[in-house]
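Let's take a walk through this protein together, starting with the overall picture and then stopping at a few residues. Keep the viewer open as you read.

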Amino acid sequence: GTNYYNDCTMSLADVLTAARVFGTSADQAKETLFYDLYVQDLAGSAATASTWPEDLYPVPIKVTNIAVNSNAASTDDLYVRRFFMLDETAGVETWGSTAVGITYAATLEFSITLQSEDVTKMYAPV
């Protein structure tokens, strides 16, 4: 088995700069980019130049800072498919003006747990 841990810390200024220049054109630079997270299963086969054996499985995203997910019960949790890192468009009061506020992901955590009875299988990541 393999244990892997990665930690990354960025200043908000660096995140804003990176997000603002991410688009391929000036028009896209301030658009909110949405992401979909998938787990890629290569079925134990290595990819080659001619074949790419894969299945993509969507990962449910739990947003923890909304009221429905802030309690201890897991039976009523809300999951989404798409998430964003930075949203400046929701804070714009009139078209063409500067945002009065931004929404950003302060913390992201990805956790994948292997099944103890069969380490070749994992539980659905959340």
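**From the overall fold to single contacts**

The secondary structure of this protein comes to 1 helix and 10 strands, where helices (H or I, at least four residues) and strands (E, at least two) are DSSP runs numbered from the N terminus. Read from the N terminus on, the elements run α-β-β-β-β-β-β-β-β-β-β. Please keep in mind that this is a predicted model: local features need pLDDT of at least 70, side-chain atom pairs count only at pLDDT 80 or more, and totals for chains, interfaces and linings use all residues. Residues are numbered from 1 along each chain as its sequence is written, and side-chain values use heavy atoms, with hydrogens and water left out.

Some totals first. Of the 126 residues in the protein, 12% are buried; buried means under 20% relative accessible area, exposed means over 50%, and partly exposed is in between (1.4 Å probe, protein chains only). The protein exposes about 10,200 Å², and carbon and sulfur atoms supply 56% of it. Such areas come from the Shrake-Rupley method with a 1.4 Å probe, and for residues only the protein chains shown count as cover. Among contacts (heavy atoms within 4.5 Å) between residues at least 6 apart in sequence, 31% join residues at least 24 apart.

Now zoom in on aspartate 36, which has its place in strand S1 (residues 34-36). Which residues is aspartate 36 in contact with, leaving aside its neighbours within four places in sequence? They are Arg81 and Arg82. Aspartate 36 and arginine 81 are 45 residues apart in sequence, yet their C-alpha atoms are 6.1 Å apart in space.

With arginine 82, the side chain of aspartate 36 meets in a salt bridge at 3.8 Å, N to O; the rule asks for a side-chain nitrogen of Lys or Arg within 4 Å of a carboxyl oxygen of Asp or Glu. Aspartate 36 lies in strand S1 and arginine 82 in strand S6 (residues 82-84), so the pair ties together parts that are 46 residues apart in sequence. Side chains of opposite charge can pair when their charged atoms come close. By this rule, the count comes to 1 salt bridge. Aspartate 36 is partly exposed because its relative accessible area is 37%, and arginine 82 is partly exposed too, at 47%.

Tyrosine 35 also lies in strand S1. At 32% relative accessibility, tyrosine 35 counts as partly exposed. Together with Met85, Leu108 and Phe110, Tyr35 makes a nonpolar surface patch of about 370 Å². Patches are made of residues with over 30% relative accessible area and no salt bridge, with like charges joined within 9 Å and nonpolar side chains (Val, Leu, Ile, Met, Phe, Trp, Tyr) within 5 Å.

Is threonine 32 buried or exposed? Threonine 32 is buried, because its relative accessible area is 16%. Not counting residues up to four places away in sequence, threonine 32 touches Phe84, Leu86, Asp87, Glu88 and Thr89. With aspartate 87, the side chain of threonine 32 makes a side-chain to side-chain polar contact at 2.7 Å. A polar contact is a pair of N or O atoms within 3.5 Å; within protein, one must be able to donate a hydrogen and the other to accept it, and residues adjacent in sequence count only if both atoms are side-chain atoms.

Our last stop is a strand pair. Strand S9 (residues 114-115) and strand S10 (residues 118-122) pair in the antiparallel sense over 2 bridges; pairing requires that DSSP finds at least two bridges between two strands. A hairpin joins S9 to S10 through 2 residues, and leucine 114 has methionine 122 as its bridge partner in S10.
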